Amino acid sequence: MPYLQESLQILLFLIFALGGAYRFFQPIDVLAKRMLWVNYFKPITVRAIAVIEVTCGTGMLLALILSDTSIPFLLYSGCLLMLTMLGAAITHVVIGDYKQIIGNLVLLVMIYFVTFPF
């Protein structure tokens with residue numbers, strides 16, 4: 001149990017940094033075929049979301065590596081990722097893509113647990 005938070009931080013880094021990089025470098029029309037929400041946003045917004053995910057995912061890993069720094073990487077990255085996942089869940093409700101909401105909520109709980117441990 002003592003390594004659960006660190007393991008989740010690494011998992012969140014992999015999910016968001018690699019997933020965000022994938023969404024950043026893929027053409028928008030390829031993303032639109034795989035992800036319904038892409039059709040509802042401008043390409044610059046999709047790229048901005050991808051940059052936020054990469055930055056915050058990297059912040060999760062930096063918080064683990066640079067634990068002695070005065071900059072609270074984990075707090076900033078976690079809060080921004082929680083807002084991103086909350087926005088994603090709201091977007092999926094609005095566009096009617098209900099099957100994706102569970103994944104957003106699971107990630108939201110994981111990020112919360114890592115950012116604000118019990």
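Reply: Thr91 is buried, with a relative accessible area of 18%; buried means under 20%, exposed means over 50%, and partly exposed lies in between, using a 1.4 Å probe and protein chains only. The model is predicted, so local features need pLDDT of at least 70 and side-chain atom pairs count only at pLDDT 80 or more, while totals for chains, interfaces and linings use all residues. Residues are numbered from 1 along each chain as its sequence is written, and side-chain values use heavy atoms, with hydrogens and water left out.

Thr91 sits in helix H4, residues 73-95. Helices here are DSSP runs of H or I with at least four residues, strands are runs of E with at least two, and both are numbered from the N terminus. Leaving aside residues up to four places away in sequence, Thr91 touches Trp37 and Phe41, where contact means heavy atoms within 4.5 Å.

Those two contacts are both aromatic residues, and they also pair with each other. Rings of Phe, Tyr and Trp (its six-membered ring) count as a pair if their centres lie within 6.5 Å; planes under 30 degrees apart are stacked, over 60 edge-to-face, and the rest tilted. By this rule there are 3 aromatic pairs. In one of them, the ring centres of Trp37 and Phe41 are 5.9 Å apart and the planes stand at 70 degrees, so the pair is edge-to-face. Trp37 counts as buried at 13% relative accessibility, whereas Phe41 is partly exposed at 31%. Another of the pairs joins Tyr112 and Phe116, with centres 5.3 Å apart and planes at 50 degrees, so this pair is tilted. Tyr112 is partly exposed, with a relative accessible area of 44%, and Phe116 is partly exposed as well, at 33%.

Phe41 itself lies in the loop between H2 and H3. Not counting residues up to four places away in sequence, Phe41 touches Val46 and Thr91. Phe41 and Leu18 are 23 residues apart along the chain, and their C-alpha atoms are separated by 21 Å.

H4 and H5 pack at an angle of about 165 degrees, with their axes 9 Å apart; axes are lines fitted to C-alpha atoms, for helices over the stretch in contact, and angles run from 0 to 180 degrees between N-to-C directions. The two helices are therefore roughly antiparallel to each other (angles under 35 degrees count as roughly parallel, over 145 as roughly antiparallel, 65 to 115 as roughly perpendicular and the rest as oblique). The crossing of H4 and H5 is left-handed, that is, the near helix is turned anticlockwise from the far one by less than a right angle, clockwise being right-handed. On the H4 side the contact residues include Met82, Met85, Ala88, Ala89, His92 and Val93, and on the H5 side they include Leu107, Leu108, Ile111 and Tyr112. By class, this contact of H4 with H5 has 15 nonpolar, 4 polar and no charged residues; Ala, Val, Leu, Ile, Met, Phe, Trp, Tyr, Cys and Pro count as nonpolar, Asp, Glu, Lys and Arg as charged, and the others, Gly among them, as polar.

H5 (residues 101-115) also packs on helix H1 (residues 4-25), at an angle of about 135 degrees with the axes 9 Å apart. H1 and H5 are therefore oblique to each other, and H1 passes H5 in a left-handed crossing. Leu4, Gln5, Leu8, Gln9, Leu11, Leu12, Ile15 and Phe16 of H1 meet Leu107, Met110, Ile111, Phe113 and Val114 of H5. By class, the contact has 11 nonpolar, 2 polar and no charged residues.

H1 also packs against H3 (residues 43-65), their axes coming within 7 Å and crossing at roughly 155 degrees. That makes H1 roughly antiparallel to H3. H1 passes H3 in a left-handed crossing too, and the classes in this contact are 15 nonpolar, 5 polar and 4 charged.

Gln26 is found in the loop between H1 and helix H2 (28-34). Gln26 is partly exposed, with a relative accessible area of 23%, and touches Leu31 and Arg47, not counting residues up to four places away in sequence. Gln26 and Val54 are 28 residues apart in sequence and 14 Å apart in space, C-alpha to C-alpha.
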